[in-house]
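Please look over the sequence and the structure before reading on.

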Amino acid sequence: MENKMQIFNTLTRTVEPFVPNEDGKVSMYTCGPTVYHFAHIGNLRSYIMEDVLEKTLRYAGYDVKRVMNITDVGHLSSDADTGEDKMLKGAKREHKTVMEIAEFYTKAFFSDCEKLNIKRPDVVEPATNCIAEFIHMIEVLLEKDYAYVAGENVYFDTSKLKDYYVFSSQNEKELMVGVRDDVDEDTNKRNKSDFVLWFTKSKFDNQELKWESPWGVGYPGWHIECSCISMKHLGEYMDIHCGGVDNIFPHHTNEIAQSEAFTGHKWCNYWFHVHHLNDKSGKMSKSKGDFLTVSLLEEKGYHPLVYRMFCLQSHYRKPLEFSYEVMDNMENSYVKLRKTAAKLDRGGTFEQEQFDEYKEKFLSALENDLNTSMALTVVYEVLKAEMGDKTKLELLDSFDEVLSLDLTAGEVAEDNGVDAELEAYILEKIEERKAAKKEKDFAKADAIREELLTKGILLEDTREGVKWKKA
Ligand code: AMP
Ligand code: ZN
């Protein structure tokens with residue numbers, strides 16, 4: 001297969017031709033969410049851009065297999081081995097068990113993904129499914145002398161590697177080592193940069209999820225899960241691994257350390273990292289300021305795909321600042337775009353040459369280190385071009401295989417200012433009221449009307465049936 005894709009590789013810090021291990025096939029791994037809370041729209045920026053990467057590779061003709069983990073154990077508040085277990089924090093906050101929290105927020109994550117037209121990866125594997133694989137990898141690391149037991153935990157010995165800080169320049173390495181020297185860390189560690197593979201001597205006596213292991217009852221560290229889950233489904237050689245930039249260190253650095261110590265050879269060739277979405281005060285987080293979720297955007301009246309378009313307008317390697325002003329502009333552009341496409345007529349002749357020309361232009365933009373804003377420009381060029389409607393529509397359908405903006409789904413419905421949950425409730429109550437009236441239970445019918453009014457919803461009986469509006 002001809003390789004035209006060029007992508008920035010964090011490992012080499014350059015834009016490189018993308019050449020997979022096996023011709024025409026791509027193995028791709030994505031660090032999945034830690035399911036202790038809703039994803040914020042910053043997290044979802046990473047998943048949108050990874051989705052575009054996957055779809056671009058498919059569009060270019062590759063057969064992609066994509067795997068994602070779900071972190072439901074082992075991720076502590078700090079990405080190093082300190083702080084509270086995030087899942088336990090979620091369980092305490094909501095007075096539920098860890099597995100209830102995991103189930104609820106995994107569903108919520110995929111529901112957000114669906115709203116944003118993010119394709120579900122081919123394989124999704126929760127960490128708690130793979131304890132045997134983690135134990136096996138840790139046993140091999142101990143046998144090969146890359147790991148040691150201290151204070152009843154198992155640690156990875158980073159001094160055994162020629163180059164542990166694979167993603168960093170010499171200056172950065174010195175800085176990182178310097179910073180780590182100041183941190184008051186676990187005294188069991190032989191080197192400051194060592195990390196936990198398996199905890200038994202846990203600081204958290206109330207840790208809910210624990211498993212038998214050769215080192216005692218305990219639970220895995222966070223990093224080991226991605227090495228094992230990716231190898232379980234993609235084998236020992238991987239083409240491309242994705243995540244947000246905060247994953248570069250320590251998470252991805254540790255993944256490489258374990259995986260290459262385990263296999264004895266290079267593991268993954270390309271590393272794709274999405275820069276952060278920030279709010280005005282800096283990096284978005286779940287603990288400070290407005291906790292921005294897809295549902296919050298919907299409550300404020302935005303179509304979720306407006307946020308997808310917001311992300312596509314900017315390059316994945318640049319930090320992106322969220323603002324409602326830009327979202328408002330984007331909403332206007334999106335509504336207009338859908339309206340323009342809705343006016344096109346599917347009949348007429350199809351112009352193959354024009355189709356090929358624009359498709360090539362669109363793909364070239366994406367093959368140039370995923371230039372999504374240029375790809376969107378091609379959409380506007382097509383709409384303005386001297387070309388039959390049929391060809392334009394076929395091009396939009398084709399581009400939407402990657403952009404996933406529902407470009408040809410008709411006009412965006414007028415927003416009625418009510419979220420989907422309340423709308424469903426109103427419709428249910430209208431049906432109940434109809435039934436009450438039929439049974440001449442007018443008191444009940446009136447009570448339903450009053451109850452909706454307290455929610456700000458006014459019912460009107462018209463000749464065409466019952467209508468509702470905001471009071
Ligand atoms: P987590 O659920 O914390 O493990 O994070 C899920 C994904 O979101 C990871 O790939 C992170 O690197 C990424 N991420 C976290 N914060 C942001 C942000 N503000 N902008 C973009 N991506 C982020
Ligand atoms: Zn990971």
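The text below treats the overall architecture, the surroundings of the ligand, and then several individual residues.

**Overall architecture**

The structure is a predicted model. Its secondary structure comprises 15 helices and 16 strands. Taken along the principal axes, the C-alpha atoms occupy a box of roughly 80 × 65 × 40 Å. The protein has 471 residues, of which 51% count as buried.

Ligand 1 sits in the largest pocket. Two elements each give two or more residues to the shell around the ligand, namely helix H1 (41-59) and strand S10 (238-244). The largest share of this shell comes from H1, with four residues.

There are 17 residues around ligand 1, and those that come nearest are Thr34, Gly42, Ser46, Asp246 and Leu277. Sorted by class, the shell consists of eleven polar, four nonpolar and two charged residues.

| Residue | Polar atom of the residue | Atom of ligand 1 | Distance |
|---|---|---|---|
| Asparagine 43 | side chain | oxygen | 3.1 Å |
| Serine 46 | side chain | nitrogen | 2.8 Å |
| Leucine 277 | backbone | nitrogen | 2.9 Å |

On its own, ligand 1 has 500 Å² of accessible area, and the protein covers 94% of it.

**Backbone features**

A cis peptide bond leads from phenylalanine 249 to proline 250, with omega near 5 degrees. Proline 250 belongs to helix H7, which spans residues 248-263.

Positive phi values in residues other than glycine are a further point to note. One such residue is aspartate 145, with phi near 70 degrees. Aspartate 145 is located in the loop that joins helix H4 (131-143) to strand S6 (147-150). Its relative accessibility is 45%, so aspartate 145 counts as partly exposed, given that this class lies between the limits of 20% and 50%.

Glutamate 152 also has a positive phi, near 70 degrees. The loop that holds glutamate 152 runs between S6 and strand S7 (153-156). Glutamate 152 counts as partly exposed because its relative accessibility is 48%.

Is alanine 445 buried or exposed? Alanine 445 counts as buried, because its relative accessibility is 2% and the class requires a value under 20%. This residue is placed in helix H15, which covers residues 442-454. Between the C-alpha atoms of alanine 445 and isoleucine 430 the separation is 9.1 Å, and the two residues are 15 residues apart along the chain.

Phenylalanine 199 is part of strand S8, made up of residues 195-199. With a relative accessible area of 5%, phenylalanine 199 is likewise buried. How far apart in space are phenylalanine 199 and glutamate 421, C-alpha to C-alpha? They are 42 Å apart in space, and 222 residues separate them in sequence.

Notes. Residues numbered from 1 in each chain as written. Chains lettered and ligands numbered in written order. Heavy atoms only, no water. Near = heavy atom within 4 Å. Polar contact = N/O pair within 3.5 Å; in protein donor to acceptor, adjacent residues only side chain to side chain. Areas by Shrake-Rupley, 256 points an atom, 1.4 Å probe, with all protein chains shown as cover. 1 Å grid on protein atoms, 1.4 Å probe; cavity = no way out; pocket = protein on both sides within 12 Å on 5 of 7 lines; lining within 4 Å. Sits in = over half its atoms within 2 Å of the grid points. Nonpolar A, V, L, I, M, F, W, Y, C, P; charged D, E, K, R; others polar. Buried < 20%, exposed > 50% of the residue type's maximum accessible area, 1.4 Å probe, protein only.
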